[in-house]
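Subject: Structure handover

Hello,

Here is the structure I promised to pass on. Please open it alongside this message.

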Amino acid sequence: MIVWIAILGALAGWCLVDFEEYGLLVGGAFGLLAGWVLRRAVRAELTVATKALQDQIDALVAGSVVARPEIVETEDAAPSPFTAPATYADPPTPEAVVVRPEPEPAAGFSDPPRGVAAVRAVAATPAEPGAVATAIAAAIAAARAWLFGGNTIVRVGLIILFVGLSFLASYAASAGLFPIELRLALVGIVGTALLAVGFRTRDRRPGFGLALQGAGIATLYLTLFAAARLYDTVPMIAAFALMIVVCALGCALALLQRSQALAATAFAGGFAVPLLLGGGGGSIVGVFVYYTILNLAILVIAQRQAWRVLNLIGVIATFGVAAWWGVTSYQPADFVAAQSFLIVSVLIYVATAVLYTGATPGRLGAVVDSGLVFGPALAGFGLEVGLVHDDPWGSAFAALGFAALYLGVAAWTMRYRREGFRVMTETMLAIGIGFVTLAVPLALGARWTSATWALEGAGAFWVGMRQARWMPRLFGILLQLLAALIYMGKASHVASALPLANPGFIGAMLIALAALATAWCLRDPLPHSESAVARSYARLEATLAQPTFLFGFAFWCAAWAAEAMRIVPSHLADRPPVPAFDRGVQPLLVMLACIASAWVAQTIGRRWRWPVASWPSHVTLVALVLGFASALDDGRHVLYLPDAIVWLAAIGLHLHMLYRNDADAAATGQHPLLDAVHIGGVWLVTAMLADCLWLGIDRARLWSTAWAEVSLLSATVAVLLVLTLSAGRAMTERKPAMRWPLDRHASAYGWVAAIPIAILSYLGAMLTAVGSSGNTTPLPYLPVLNPVDLSLGLALAGLALWRRTMLAANPPPRGVATLATPGALAALAGLAFVIINTIWLRLAHHLFGVAWGSDALLGSVVVQTGLAILWTSLALALMVLANRRAQRALWLVGAGLLALTVAKLLLVDLNTAGGGARIVAFIGVGVLMLVVGYIAPLPPKTDVPNDRSAVA
């Protein structure tokens, strides 16, 4: 496992750094670390899974000890690392046993009963205060038992002997001590002796005998390979024939003794021979033929025994060595040899995967070894792309070739092995379809790494789901994340004249489809083993359904964005590529694609009851806002073409999704996010209306006139009036026949959405009144009836109507009491006062020729005289109204304004005004004050008995 994951890490690092050699080392280091962690997790899971069986074995052993006080065992009772595991255990021999109460360890090869007994005794003792010291003692005992056990020494000794023989052969060759033929013969004799001694002791000492046989086979491999390739003492054909004999002998011995360990030892040594004696010179064809012979031998054994370790040794050694050689030593002249070796190796291990599945039953049918199924596909396709990368169509045809292979295997198993091969058939079918899909982007130059790994990740997750195994599922998710990182790291605009069939679109789309398929599988909790690690992963996996869907949806949108941003080659050779769509329209197309994708996802989610699929439909307003901001930044307007068509389609889809979401939320109560979407939509429509008016003003070249202020102010007030007359009526009347969206969002429209619009209307009216000169060219100026004064009056009326409507709402919205405070009334009164005063200022500007400016207006005698009379008239009107309504506070406001007028006469007009103007001002104000005093005296207080003035 560690080596396999290290190879995957090396390949990933190699791809991430643009196929630089140091990426292999860095990725391999990370892969080793990850493999070590995973191996610990697997071992923990196996311990939990076999705990019940181990308890039964311990109980049987304990019972036999009680029945017999003396231990009965063979000379080699301890399990050997060279023997097969429990599933493929070697058959016991019926020979006589030696009876001893306490065996003594023989020199180098005896069992360690004391260490094992110490570990078991410590594990059986209950927890005490010295538990930490006990655990340390148990660990020391276990380490001592492993280090000084007989089988461990045999293993280490044979490895050292094997390496020593290699060094001896190399040293003897360099020193010229003996003829090369004699040196090779001596090494061959040593290997034969090891094989013979091991075979003779296979019954009395099985572990020791199997170890010697494995070492002998490896030594014979070494001898034949060195004789043929390094020293040319044996013809290549004869050496290969003898290697076939050695392979056959190793296979026969392993099958005869049913020893997976013997087969693993023999083949590990065989695969290691080129690495130990590899040097410069010679053709790679010999190594390829040699490895092919070993792989064929593994295939022969797979027909008799389901030895997974042996199969993985072959896969890792074959593709690992091939990848290393391809990075460091490949030359174009080696193409035919490398291509032939790769094809044969993939075929061998695909066949081995099928044989393993047929010989390994499981809970859901025959077990599929993910390493054998996905390993040749992943490593083989990667190596194939490396071989044909110079051919623009090579990767595409390679994908089609792999697709044909896996689909052919799926068809064969479906027809001839239907029973029990369901998972294998579906897995092969999924891989084949993935390669067919991948052939399209590869034919167009897409990067194979991200797309392949995304599809492989989805396939691994699917297999893990079908087999109730958590590790393939985790591996599949991580592989998809890695594919996404590679895609983003390689993201660039590649010129393509074909719509949709370009690297950016298809690469992101394949990642998206793989993630969405994984998210669909994660809708419900998936089965797993009951180990602690599996339960921990299950808790993590339960939280991945929604993030995985959002991840896939994001790449789905990214695929359409890549298509919208696509560039095409120029028709002229010396010109750079040009955008497929206008650069100003590209952001709008991305916006429309995202909103349309959200609509499709919502439809699927409602149809198949997949709630997370409706999530993107709740945030389409964000896409509209971003699209509008991008259009403004590019200097485009909503009424441009084809922008207007895109906006109509996008807003239509947005409203349709919003209606659906409201209907879904009706049964469960109002969702707060829906209110926010409705409110934000009102603000966006207001901004878009302002943009349309902006375009009209710009095209009519009216920026130097008052039409600009009038248009923008009128648009804002119009929106406020629409909200007041529609949502406000729904808030006060609450008629059941009210249509969507006012039947459930009236308060959101009439109050929350209208607040900033009312503030904008107020500020806009104030700024227009103070800053606009009333230049409405080409229309002539008419007092009060000109567009500026009419729009200001409309703004004041709209604000007053909105305030009154909100105060009459039933039930009143939260915070509406602010409109009833004196401050709100004072704000409206202040705006009205400013509007009335500026009407006189504009009249003086147009009719009396006073320049429009603060200095000219304040210094004008006509303006000051008119203001005095105007203020007195306003005070008169307020006081008369207050007297008729008996509103003492309003009368006091009018009196205050009158006092302000008198102060103005004394402080300003008396010093600045001329004779005639001064006379008019004083006489006019005085007469009006007399009228006020006569017809509008101070109203009495409401509590008359307590009012002293009334009594007087």
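Below is what I found in it, from the whole chain down to single residues.

**Overall**

Please keep in mind that this is a predicted model. The chain has 35 helices and six strands. Of its 952 residues, 45% count as buried. Take the contacts with a separation of 6 or more: residues 24 or more positions apart account for 74% of them.

**Cores**

In soluble globular proteins, nonpolar side chains tend to be buried together. Here, the largest nonpolar core has 109 residues. Phe267 and Phe435 have the most contacts inside it. Leave out residues up to four places away in sequence, and Phe267 touches Cys251, Leu294, Ala297, Ile298, Ile301 and Leu310. A second core is separate and has 38 residues. Ile679, Ala727, Trp802 and Ile835 are included in that second core.

**Helix 21**

Helix 21 covers residues 545-564, 20 residues in total. Its first and last C-alpha atoms are 29 Å apart, close to the 28 Å expected at 1.5 Å a residue. Its buried residues include Phe549, Gly552, Phe553, Phe555, Cys557 and Glu563. What do the buried residues of helix 21 pack against? The partners are helix 18 (470-489), helix 19 (503-521), helix 20 (532-541) and helix 22.

**The surface around helix 22**

Trp520, Trp599, Val600, Ile604 and Trp608 make a nonpolar surface patch of about 450 Å². Helix 22 (residues 586-607) gives the largest share, three residues. Trp608 sits in the loop between helix 22 and helix 23 (620-633). Trp608 counts as partly exposed because its relative accessibility is 48%.

The loop between helix 22 and helix 23 also holds Arg609. Arg609 has a positive phi of about 55°, although it is not a glycine. With 76% relative accessibility, Arg609 counts as exposed.

**Salt bridges**

How many salt bridges does a search of the whole structure find? There are six. Three of them deserve a look.

Start with Asp582 and Arg636, whose side chains meet at 3.4 Å, N to O. Asp582 is in the loop between strand 6 (578-579) and helix 22, and Arg636 is in the loop between helix 23 and helix 24, so this pair ties together parts that are 54 residues apart in sequence. Are the two partners buried or exposed? Asp582 is partly exposed, at 46% relative accessible area. Arg636 counts as buried, at 15% relative accessibility.

Arg636 also forms a salt bridge with Asp643, with the closest N and O atoms 2.7 Å apart. Both Asp643 and Arg636 are buried.

Next come Asp664 and Arg606, which meet in a salt bridge at 2.6 Å, N to O. Asp664 lies in helix 24 and Arg606 in helix 22, so the pair ties together parts that are 58 residues apart in sequence. Asp664 counts as partly exposed, at 39% relative accessibility. Arg606 counts as partly exposed too, at 38% relative accessibility.

Helix 24 runs over residues 643-665 and contains Leu648. Leu648 has 67% relative accessibility, so this leucine counts as exposed. Val638 is ten residues away from Leu648 along the chain, and their C-alpha atoms are separated by 9.8 Å.

The loop between helix 23 and helix 24 holds Pro642. The peptide bond from Leu641 to Pro642 is cis, with omega near 5°.

**Other backbone points**

Most residues other than glycine have a negative phi, and most peptide bonds are trans.

- The peptide bond from Asn810 to Pro811 is cis, with omega near 0°. Pro811 is in the loop between helix 29 (787-807) and helix 30 (822-847).
- Val784 has a positive phi, near 70°. Val784 lies in the loop between helix 28 (754-771) and helix 29. At 45% relative accessibility, Val784 counts as partly exposed.

Best wishes

Methods: Residues numbered from 1 in each chain as written. Predicted model: local features only at pLDDT ≥ 70, side-chain atom pairs only at ≥ 80, totals over all residues. Heavy atoms only, no water. Patch = residues over 30% accessible without salt bridge, like charges linked within 9 Å, V, L, I, M, F, W, Y side chains within 5 Å. Areas by Shrake-Rupley, 256 points an atom, 1.4 Å probe, with all protein chains shown as cover. Salt bridge = Lys/Arg side-chain N within 4 Å of Asp/Glu carboxyl O. Helix = DSSP H or I, 4+ residues; strand = E, 2+ residues; numbered from the N terminus. Buried < 20%, exposed > 50% of the residue type's maximum accessible area, 1.4 Å probe, protein only. Core = buried A, V, L, I, M, F, W, Y, C linked by side-chain atoms within 4.5 Å. Contact = heavy atoms within 4.5 Å. Expected span 1.5 Å × (residues − 1).
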